[in-house]
Amino acid sequence: MSETLQVKSICMDASEIERTLTRIAHQILEANSGAENIALVGIVTRGDVLAKELVGKIAEIEGVDVPFGHLDISFYRDDFATRLAPAVHETRISFDIDGKDIVLVDDVLYTGRTIRAALDALMDMGRPKTVQLAVLVDRGHRELPIRADFVGKNVPSSSDENVRLFLEEVDGVSEVAILQLPQETGAGSALNEGE
Amino acid sequence: MALLLKNVHAIDPQVSINEVCDIVVRDGKIVEVGQGLSIPKGETRDMDGKICIPGLVDIHVHLREPGQEHKEDIASGTRAAAKGGVVAVCCMPNTSPTIDNADVVEYVRKRADEVGKCRVLVAGACTQGLRGEVLSEMGDMVAHGAVAFTDDGRGVQDSGMMRRVMDYAAQFGCVVMSHCQDEGLVGKGQVNEGAVSTRLGMAGWPAEGEELQIQRDIALCRLTGTPLHLQHVSSRRGIDMVRRAKAEGLPVTCEVTPHHLFLTEEAIGADYNTNLKVNPPLRTADDNDALVEGILDGTVDCIVTDHAPHAAWEKDVEFEEAPFGMTGIEASLGLVITQLVAPGVITFERMVELMAINPRRILCQEKVALMQGCTADLTIIDPSCSWTVGEDGYESKSTNCGFEGAELVGRATDTYVGGYATMQDGAIVE
Amino acid sequence: MGFSHKHLIDITEYSAEDIMTILETAKTLSEVNERRIKKVPTLQGFTVVNMFNEPSTRTRSSFELAEKRMSCDTINFGGSSTSSVKGESLVDTMETLNSYKIDLAVIRDKHAGAPQLVAKHTSAGVVDAGDGKHQHPTQALLDLYSIWQEKGTLEGLHVAIVGDIAHSRVCGSLVPALKIMGSTVTLVAPQTLLPPRPDVLGADNVSSYFDEVLPEVDVVYMLRVQRERLEGAPFPSEREYHMLFGLTQARDALMRPDAIVCHPGPINRGVELDSFMADHPTRSVILDQVYAGICTRMSVLYWLLGGSDNGSAS
């Protein structure tokens, strides 16, 4: 569906994404005084790719491979009853999250509902010491009291737009694009968040 | 009381008539058939475009009274018959109590006289309670008007018992009508054994369960000499057996139903439509073809409906819990015209033989022909009337018609029983 | 195309893609069953009725667990069928349940076609949990899941199904399901236990000679001898049945080294299986099948209840 959307503008190109991730890696390490107790959990299907890149950056900076997992929030969505069952992806978290400082990674922070679902999913799996949130783009329009600890870029947007991350390994090109939504689905919905 | 049917297309192979003419009826009898007739007083009806034939007779009908009036009663069942263009039915004895003694025969005939919209010929049971164990009082029943014997609904399981039935019936000159079903082989069979029983996961009712008893009863006919009428033959091999018995010269006749002619087991799909649960079950397209072949070569003597009403709540259950049977007497004529006569498979004359002439002959009833002196039991048909089964409801109390929704051409508009109209212009005469 | 079924009644209405969707989601959901808190909130607020009109402990508890782990509200409504002592018809029972505003009815009934009948009288989705000797689609799905997990694929596998095919609702769904997924199916049974037309189910071969079939197959699926469903004694004794059609230690040597053994449970030890084969450490996946039942049913619930504008393709 999103393939047919009109691209209005490109707000981050590949090199900007790269530089931003390097900065976020540094910020995570600074805030947690090193890599010792942290673990990265990326929300599928874009956040986990970013998380993996961050793991690489942290390894470059600190020489430590931090634990890293994929989190699928399909079973925790709050809009299940009002839409077709979403495609399900695998959750793979092969380490014990108890007592860890978990950094949740997602691409675009919008209404906050995805993060709410991710927090619930995480809590069902164990008891982390802290949970922090890293996002590449914050486009505003929050519907829940959620804020990111690490933000790549603030992109003011309107609710009839979609802000979407394309990644080289998935889409063939890395960029963050602002897309025009068709008129009828424009109203403050979380449907396109993170997808 | 005189009646003149003006400009009606009379068809009756018994008197080799197939032309537009006028028919005069007086005091229940046909008094004249000819051109340009008139009557000094009485009713004249213009029948332009309509066909008049000797009235239809359906010799396999369940009127359900006494005992199961929630399914049908003599009033509603005979109304349904009239609606279907039928002037006489033979009702089956599997009522409650069973029609296995003179009292019940008497009751049914009395009720039919009071409320019937067609003649009701009563078939008595061969054995008491249809249990296949003890002969019923056939002589007393004949004395009170029974015209045939059958344990319809069940086959007589014991061959020795069936022989006794036929030997004993011989003295009354009545035909023994046989429902053929070997209960050991059929067991709890629900649908024809084969592809559909496998697909639907239900016990099969193999054609052999019917054919074994057809073969046996033909052998007993040979042994006893008593006329045998095989009811609702449904399979190719069954028809073959009858064909050979007739070639041998045995007094064997048989009937087929519209549902065994025109429906197959494949009609029973994943909706488990219980209106298609009949006994014997719907079989294959090849069996359909064999029944039609039997009609063409004279092996099949008549078309009957096995009209078997059941209340909606009795049918709206799991398939395996539903009773066997479908209604059909209101659709039978239209089905035969649409499926056999219109496409040219059989002539109108052959249809008259199958549905009017032969049924009377099998039950040894007075001949009705379109000629002077015959009883005016007549069916008037509008051959161009297009209609849909069930769209205007049914006269029957029950709606379990397996042909619901079928689009037909040809329908009875008027029926006369002994010169009196029981249906006029499509409406039952009250 | 996406998943567009409202009911799971007849497995033949499902495509290979639909079935794979269910199996893949089942695999994802299996992770939930490994957690300390074995529950996800996905189906909060959905009401599921388990309507078991004939005795069943295993299937009912499997459904119930699956429903609870998906956070459905569940009620059990048992013992009512047309022939029940209460005398209420299945249709009336369903109309009553429908008035409770339920979202899904899971039905087990001794009559073939009961789920189809129920579906006509409710706006809820319907899952067939076994109808007479007709079908048992969730059993087929969990069997496919177990075989898929063990073999990595379903396409090109040769599966022998052995035993009471004629009275087996498991077979009624499993044979077509295996065919949809591209497996080859051989049925092994005496003719007294075969349906009239095994080809209609989709079976490729039929044999009464177990020892000839065993070396050819990747999966040996042993059916339970359902003593309660046997009419007219289709074989002379359990001893002879075991001799001819039992999977025994002696037959182990005839099997391919990587062949596996499935059984829908509960096992009649010493009849269709001996203990050596039932408990075989590498071949037997019987307990995996039980586990697969939970995951697969969770997945079925997820997809059937997935969204209000769900189509009703079945």
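This is a predicted model: local features need pLDDT of at least 70, side-chain atom pairs count only at pLDDT 80 or more; totals for chains, interfaces and linings use all residues.

Author: The hairpin is made of strand 2 of chain B and strand 3 of chain B, with 2 residues between the strands. Within this hairpin, B:Asp27 takes a positive phi near 50°. Strand 2 of chain B covers residues 17-26 and strand 3 of chain B covers residues 29-34. The two strands pair in the antiparallel sense, over 5 bridges.

B:Asn7 is not a glycine, yet its phi is positive, about 55°. This residue sits in strand 1 of chain B.

Two peptide bonds of chain B deserve a look as well. The bond that joins B:Glu65 and B:Pro66 is cis, with an omega of about 5°. B:Pro66 is found in the loop between strand 6 (56-61) and helix 1 (74-83) of chain B. A cis peptide bond also joins B:Ser96 and B:Pro97, and here too omega is about 5°. The loop that holds B:Pro97 runs between strand 7 (86-91) and helix 2 (102-115) of chain B.

Next comes the division of chain B into domains. The domain assignment gives domain 1 as 2-52 + 372-428 and domain 2 as 54-362. Between the C-alpha centres of domain 1 of chain B and domain 2 of chain B the distance is 26 Å. Where they meet, 32 residues of domain 1 of chain B are in contact with 43 residues of domain 2 of chain B. On the side of domain 1 of chain B that touches domain 2 of chain B, the elements that give two or more residues are strand 1 (2-12), strand 16 (378-388), strand 17 (407-417) and strand 18 (420-424) of chain B. Strand 17 of chain B supplies the largest share of that side, 7 residues. Sorted by class, this side of domain 1 of chain B has 17 nonpolar, 10 polar and 5 charged residues.

Chain B also has neighbours to consider. Chain A and chain B do not touch, and their nearest C-alpha atoms are 27 Å apart. Of the 2 pairs of chains in contact, it is chains B and C that share the most contacts. There, 23 residues of chain C are in contact with 20 residues of chain B. The side of chain C that touches chain B draws two or more residues from each of helix 3 (90-99), helix 4 (114-120), helix 6 (169-180) and helix 7 (198-201) of chain C. Helix 4 of chain C gives the largest share of this side, 3 residues. By class, the side of chain C that touches chain B consists of 9 nonpolar, 10 polar and 4 charged residues.

Chain C itself has 12 helices and 9 strands. An open sheet in chain C is formed by 5 strands in the order 7-6-5-8-9, and the pairing is parallel. Its edge strands are strand 7 (205-207) and strand 9 (260-262) of chain C, each of which pairs on one side only. On average, neighbouring strands of this sheet are turned by 20° against each other, direction ignored. Inside the sheet, strand 5 (residues 158-162) of chain C and strand 6 (residues 184-188) of chain C pair in the parallel sense over 5 bridges. In strand 6 of chain C, C:Thr186 is the bridge partner of C:Ala160.

As for overall dimensions, the C-alpha atoms of chain C fill a box of roughly 55 × 45 × 35 Å, taken along the principal axes. A compact globule with 314 residues would have a radius of gyration near 20 Å, so the 19 Å of chain C agrees with that.

Last comes the predictor's confidence. For the complex, the predictor gives an ipTM of 0.84 and a pTM of 0.86. Chain C has a mean pLDDT of 90, and 93% of its residues reach 70 or more. Over residues 307-314 of chain C, pLDDT stays under 50. For that stretch of chain C the model has 20 contacts beyond four places in sequence.

Note on methods. Residues are numbered from 1 along each chain as its sequence is written. Chains are lettered from A and ligands numbered from 1 in the order in which they are written. Domain bounds come from an automatic or database domain assignment. Two residues are in contact if their C-beta atoms, placed from the backbone, lie within 7 Å. Helices (H or I, at least four residues) and strands (E, at least two) are DSSP runs, numbered from the N terminus. Ala, Val, Leu, Ile, Met, Phe, Trp, Tyr, Cys and Pro count as nonpolar, Asp, Glu, Lys and Arg as charged, and the others, Gly among them, as polar. pLDDT is the predictor's confidence in each residue, from 0 to 100. Two strands pair if DSSP finds at least two bridges between them. Axes are lines fitted to C-alpha atoms, for helices over the stretch in contact, and angles run from 0 to 180 degrees between N-to-C directions. The radius of gyration is taken over C-alpha atoms; the globule rule is 2.2 Å times the number of residues to the power 0.38.
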